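Subject: Structure handover

Hi,

Here is the structure for you to look over. My notes follow below.

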Amino acid sequence: ESFIAVKKNGDGDITAFQTSSGRVLDYEQALAEVKAGNIQGVNAFKGRDGETYIRGDADGDPSNNLDNLPTFE
């Protein structure tokens, strides 16, 4: 399973994800799935602010960065 689309707030921050199986996960649900190893192509990392975030695996292809995924409503 992988992320195929994102929902963003007014600041452009990702707030939810749509998966290749059609599930819609809010950020916390998505983070739990990433940490459990259920989502391909992404990883969880701890930011400078101490919070944990989701980011795409570094593969040199900017087209599959999370910010570049299509949006959904």
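The hairpin of S4 and S5 has five residues between its strands, and Gly-50 there takes a positive phi near 90°. Strands here are DSSP runs of E, at least two residues long, and helices are runs of H or I, at least four long, all numbered from the N terminus. S4 covers residues 42–46 and S5 residues 52–56; they pair in the antiparallel sense over five bridges. Pairing requires at least two DSSP bridges between two strands. Lys-46 stands opposite Thr-52 in S5.

Some ground rules. This is a predicted model, with local features needing pLDDT of at least 70 and side-chain atom pairs counting only at pLDDT 80 or more, while totals for chains, interfaces and linings use all residues. Residues are numbered from 1 along each chain as its sequence is written, and side-chain values use heavy atoms, with hydrogens and water left out.

Next, the three-stranded sheet. It is open, antiparallel and ordered S1-S2-S3. S1 (3–8) and S3 (24–26) are the edge strands, each pairing on one side only. Neighbouring strands are turned by 25° against each other on average, direction ignored. Axes are lines fitted to C-alpha atoms, for helices over the stretch in contact; angles run from 0 to 180 degrees between N-to-C directions.

Five bridges join S1 to S2. Their hairpin has five residues between the strands, and Gly-12 in the turn has a positive phi of about 85°. S2 (residues 14–19) pairs with S3 over three bridges. Four residues separate S2 and S3 in their hairpin, where Gly-22 takes a positive phi near 95°. Phe-17 stands opposite Leu-25 in S3, and Val-6 stands opposite Phe-17 in S2.

Helix H1 (residues 27–35) packs on this sheet and touches S1, S2 and S3. Contact means heavy atoms within 4.5 Å. The direction of H1 makes about 100° with that of S3.

Now the rings. The count is three aromatic pairs. Rings of Phe, Tyr and Trp (its six-membered ring) pair if their centres lie within 6.5 Å; planes under 30 degrees apart are stacked, over 60 edge-to-face, the rest tilted. Phe-3 and Phe-17 form a stacked pair, 4.2 Å centre to centre with 25° between the planes. Phe-3 lies in S1 and Phe-17 in S2, so the pair ties together parts that are 14 residues apart in sequence.

Best wishes
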